[in-house]
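Reader: I would like to go through this model and ask what stands behind the words used for it. Please begin with a ligand site.

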Amino acid sequence: MQLIYFNQVFQKNLKILLTFLQTWYDLLFSNYSRVLEEDAIVPKSVNYHFTRKCNYECGFCFHTAKTSYLLELEDAKVGLRLLKDAGMEKINFSGGEPFLINRGEHLGKMVQFCKEDLGLPSVSIVSNGSLIHEKWFKKYGRFVDILAVSCDSFHEETNKAIGRGQGQKSHLDKLHKVRNWCLQYDVLFKINTVVNTYNYDEDMSEEIERLNPIRWKVFQCLLIDGENAGETALRNAEQFYIEDNMFDKFIESHQHVKCLVPESNKHMQNSYLILDEYMRFLDCTRGGKEPSKSILDVGVNNALKFSGFDEAMFKKRGGFYKWSKADSALSW
Ligand SMILES: C[S@@+](CC[C@H](N)C(=O)[O-])C[C@H]1O[C@@H](n2cnc3c(N)ncnc32)[C@H](O)[C@@H]1O
Ligand code: SF4
C-alpha cells in the first residue's frame with residue numbers, strides 16, 4: 001500500500017519537475033535563438049563594387065584602381081545568389097566605373113540576372129554616366145530600378161578641375177542625355193554629388209530642380225586610408241576635404257530642394273555594406289577598407305562578421321527607402 005502511494009507521489013512530482021524543466025528549456029532556447037537572430041546582420045542592401053577600373057580621374061575618389069581584378073560572370077552570379085539567400089533585397093552596382101567592362105555587357109548581364117533570376121525588388125547602378133549609350137537602355141533598362149549619375153558641379157571647368165571627365169567630352173551633356181533615357185526607358189533617375197573644396201559654394205538648386213531626380217544624394221568628401229589618404233594611397237584627397245561646418249552650410253543653402261538627401265562623413269562611413277571585386281566585405285570602421293574573406297569561400301554570414309556594418313546608422317540615414325519602380329509608381 002505504502003509502495004503504491006510512494007509511486008504515485010513520485011510520478012506526480014516527476015511530472016511537475018519535467019514540466020518545469022521543459023518550460024525553462026523553452027524559455028532559454030527560444031530567447032537564445034531570438035538573441036542570435038537580433039545579432040545577425042541581414043544584408044538587405046548591398047553595394048557591389050565589382051571593378052576598380054575607371055575612365056575618369058576624380059581627385060577625391062575613395063575606390064581606386066588598386067587591382068584590375070574581375071570575377072568571372074558565373075562566379076559573380078553564385079555570390080549574388082548567396083546574398084539573395086541571406087536576405088538581400090537591394091543590390092547596387094558600383095565601381096570604379098561599372099559601364100567600363102565589356103562596354104556595359106558584364107553589368108547588363110548581372111542586372112538581368114538579379115531581376116529575372118533572383119527577382120530582387122531593387123536593382124540600381126551608380127555611374128559617372130560617360131560610357132552609357134541608348135543601346136544599353138534598350139537591352140537592359142527594364143532590369144534596372146534606379147540609375148544614379150554622379151555630378152559634382154554644373155560648371156564644366158569645375159568638373160574638369162576635379163578630374164570628373166575624360167578628354168574633351170562634356171560631362172554635363174551626357175548627364176542630360178542619360179536623364180532623358182531614364183525617363184524614356186522607365187528607370188528612376190538619381191544624382192550623386194560630393195561636396196568638396198572645389199564646389200562647396202556653388203548654388204546647384206536650379207539645375208537640380210530642372211533635372212528633377214528622384215533623389216539627390218549629397219556627400220561630404222570622405223577620406224579613406226589606403227584609398228585617397230595616407231602613403232600607400234593612389235589618390236590624395238586632402239586638398240578636397242571640407243570640415244563639417246562647410247558641408248552643413250552647403251546643405252542649408254540647398255535645404256529647399258525637396259529631393260536632397262544629405263550624407264555627412266559620420267552618416268556615411270559604416271552605414272554601407274560594401275562588397276569588393278573579390279566579393280569580400282570591406283570594413284571601414286578603422287579609417288581604411290579592411291577586407292573580410294570572400295563570401296565565395298566562407299559564405300555570407302561568416303564574411304558579414306568582418307564587415308564593420310553599422311545597421312543602426314544605415315536605418316538612421318534612411319537606408320530603407322522606396323527603392324523599386326513598383327514602389328515609385330505609388331509614390332511619385
Ligand atoms: C566610387 S564611385 C563609383 C561609381 C562611378 N564611377 C561614379 O563616380 O559614380 C561611387 C560614388 O562615390 C562617390 N565618391 C567617390 N569618392 C568619394 C569621396 N571621397 N567621398 C564621398 N563620396 C565619394 C562618387 O561621387 C560616386 O557617387
Ligand atoms: S568617383 Fe570618379 S574616379 Fe572614382 S570611380 Fe567614380 S568616376 Fe571613377
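Author: The residues around ligand 2 are C54, Y56, E57, C58, C61, H63, G95, G96, E97, N128 and R164. Bear in mind that the model is predicted.

Reader: What makes these residues the ones around ligand 2?

Author: The test is a C-beta atom, placed from the backbone, within 6 Å of the molecule. C54 and R164 are among the residues listed for ligand 2.

Reader: How does the shell around ligand 2 divide into nonpolar, polar and charged?

Author: The shell has four nonpolar, four polar and three charged residues. Cys and Tyr count as nonpolar and Gly as polar.

Reader: How do you know what span is expected for helix α2?

Author: The expected span is 1.5 Å times one less than the number of residues. Helix α2, residues 73-85, has 13 residues, and the expected value is 18 Å. From its first C-alpha to its last α2 reaches 18 Å, so by this rule the helix is close to its expected span.

Reader: Which residues of α2 are buried, and why are they said to line one face?

Author: They are A76, G79, L80 and L83. Seen down the axis of α2, these buried residues fall within an arc of 100°, so they line one face of the helix. To be called buried, a residue needs 20 or more other C-beta atoms within 10 Å of its own. On the other side of α2, E74 and D85 are exposed.

Reader: What do the buried residues of α2 pack against?

Author: They pack against β1 (45-49), β2 (90-94), α3 (105-117), α10 (295-298) and α11 (300-304). Just after α2, G87 has a positive phi of about 115°.

Reader: Why are the buried residues of α6 said to line one face?

Author: In α6, residues 171-184, the buried residues are H171, L175, V178, R179 and C182. Viewed along the axis of α6, they lie within an arc of 105°, so they line one face of the helix. D173, N180, L183 and Q184 are exposed on the other side of α6. The buried residues of α6 pack against β4 (146-150), α5 (156-162), β5 and α7 (205-211).

Reader: Which residues have the most contacts inside the largest nonpolar core?

Author: They are I91, F93, V111, L147, V195 and C221, in a core of 70 residues. Strand β5, residues 188-195, gives the largest share of this core, five residues.

Reader: What does V111 touch?

Author: Leaving out residues up to four places away in sequence, V111 touches F93, V123, Y140, F143 and V144. Contact here is a pair of C-beta atoms within 7 Å.

Terms used
Residues are numbered from 1 along each chain as its sequence is written. Chains are lettered from A and ligands numbered from 1 in the order in which they are written. This is a predicted model: local features need pLDDT of at least 70, side-chain atom pairs count only at pLDDT 80 or more; totals for chains, interfaces and linings use all residues. Helices (H or I, at least four residues) and strands (E, at least two) are DSSP runs, numbered from the N terminus. A residue is buried if 20 or more other C-beta atoms lie within 10 Å of its own, exposed if 12 or fewer, and partly exposed in between; C-beta atoms are placed from the backbone. The arc is that of the directions from the helix axis to the C-beta atoms. Two residues are in contact if their C-beta atoms, placed from the backbone, lie within 7 Å. A nonpolar core is a set of buried Ala, Val, Leu, Ile, Met, Phe, Trp, Tyr and Cys residues joined through C-beta atoms within 7 Å.
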